[in-house]
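Dear colleague,

Please find the sequence and the structure below.

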Amino acid sequence: MKASDTTSIQHSARQVAIEIIANILLQQGSLSTQLARHQTSVASEHIPLLKELCFGVCRQYPKLNSIALSLLSHPFEEKDTDLYATLLLSLYQLSYMNTPDHAAVNESVEACRILKKDWATKLMNAVLRRYQREGDEITANLESMPSVEYNHPKWLVKRFNKHWPDYLEQIIEASNTHPPMCIRVNENSVSRETYQAQLLDLGIKSDTGLFSPSALYLRKAVKVTELPNFEEGFSSVQDEAAQLSAHILSPTSGEKVLDACAAPGGKTGHLLEKATDIELTAVELEPWRMEKIESNLERLGYSAHLICADAGDLDAWWGGEQFDKILLDVPCSATGVIRRNPDIKINRKPADITELVEIQKEIVSQVWKTLKPNGFMLYATCSLMPEENEQQVHQFLEEHHDAKEVSLNTLNQGFELEWGIPVSHGRQLFPSLEGHDGFYYCLLQKIDK
Ligand SMILES: C[S@@+](CC[C@H](N)C(=O)[O-])C[C@H]1O[C@@H](n2cnc3c(N)ncnc32)[C@H](O)[C@@H]1O
């Protein structure tokens, strides 16, 4: 390939990044949906660059946004959000990437032309040149703003500080960093020790997870195709905290199990690895996400009864036969996994939490009806907000006198309970730098009256 070809493809990665960031700023979908939709328009070898640009801008957004606003005398109008995305990308390249300064500036000026907004070329050039000259001073003047100091939206910093003052620094530091690559070994196919040795034979060093008996942390991320027998389902990429679900619920042979909010099916597959002959039903609302469950299960070589429906609308999917065990991994604010979904820093609003609490409340109270007397329901979120976690469970217990909280150790006696901290109901895990994501678990049992 000629050098000029490479340049044009890199430009196209940048153009696509502008479109994705602009769409996120306009609240038109999450980073993961935008990437899935648009990355096909970039040559495959440039997808890493596209991801670096998009993840990078989202991860650094609170800082970059403050810098950009202080450089502009008037914010861009909504119809020029693509120009604002261009500016954010350039600031990201100038501050965090090895792109030569002149290239970053020239590419942005060129981007204005490609966007057919030639009128903005002078402005873009002037603003970026000023940042080159005065960047350190501008950044230093903004450092005292909480959104810049913590690189998170101010409202989120306030909430973390209110709920978890002792963990604020840990939460912020972990949420601002790339997560480690953690895999789940399919203990049904191979032991963790054997798989770790197989990885080492390939030069891939790993460390065992402290809490999940199936977890291995890779010291350096690799492509999944480099993992031994990945296509045969010997391992899956899954965070260690997420792996705890199936260990806590420990399904056993012949049980009727429900995975109520299932996509992309990480935990669905794990439940089947724990006991391949359970009768598993997986319910998911979004049709496009159902395919992910299917492909995950196909690779692992397992099957489940897959239903696309609102789990809270029992008439739409439930035949009336109750389940022995239920995993309820409800939709949530995902504030424990900001490092994996950094667009949360742009899109998440305080009102979302209130709305999510209502949605969760409806799902949990409906799905509860599908649980057998004496059966178990594991309520899970990847949120750090007590409203979605312990307070949600508290309210549920107040309103459901046939429910009681039981220890997370109940179904898996040998399972160590040193992860996270105990809260008024269940346990809260915080994201940790070299370790697991933020998560919440509470195990409930239906009283047989
Ligand atoms: C936290 S994710 C689940 C992750 C999944 N358990 C895993 O481990 O791969 C929540 C999922 O619930 C789905 N969802 C949201 N509302 C739902 C509803 N009312 N009924 C069923 N699924 C729902 C979302 O589309 C999303 O896929």
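The notes below cover the ligand, a loop, and a pair of helices.

This is a predicted model, in which local features need pLDDT of at least 70 and side-chain atom pairs count only at pLDDT 80 or more, while totals for chains, interfaces and linings use all residues. Residues are numbered from 1 along each chain as its sequence is written, and side-chain values use heavy atoms, with hydrogens and water left out.

The ligand is surrounded by 19 residues, and the closest are Lys267, Glu284, Arg289, Ala311 and Asp329 (a residue counts if one of its heavy atoms lies within 4 Å of the ligand). By class, this shell has eleven nonpolar, two polar and six charged residues (Ala, Val, Leu, Ile, Met, Phe, Trp, Tyr, Cys and Pro count as nonpolar, Asp, Glu, Lys and Arg as charged, and the others, Gly among them, as polar).

Which backbone atoms does the ligand meet? An oxygen atom of the ligand is 2.9 Å from a polar backbone atom of Gly266, 3.1 Å from one of Gly265 and 3.2 Å from one of Ala263 (a polar contact is a pair of N or O atoms within 3.5 Å). Taken alone, the ligand exposes 600 Å², of which the protein buries 87% (areas by the Shrake-Rupley method with a 1.4 Å probe).

Ala263 is also joined to Pro264 by a cis peptide bond, with omega near 5°. Pro264 is placed in the loop between β5 (256-259) and α13 (266-274) (helices are DSSP runs of H or I with at least four residues, strands runs of E with at least two, numbered from the N terminus).

Helix α3 (residues 47-59) packs against helix α5 (residues 81-96) at an angle of about 95°, with the axes 10 Å apart (axes are lines fitted to C-alpha atoms over the stretch in contact, and angles run from 0 to 180 degrees between N-to-C directions). The angle therefore makes α3 roughly perpendicular to α5 (65 to 115 degrees). In α3, Glu52, Leu53, Gly56 and Val57 meet Leu88, Leu89, Tyr92 and Gln93 of α5 (contact means heavy atoms within 4.5 Å).

Yours sincerely

Methods. Polar contact = N/O pair within 3.5 Å; in protein donor to acceptor, adjacent residues only side chain to side chain. Parallel < 35°, antiparallel > 145°, perpendicular 65-115°, else oblique.
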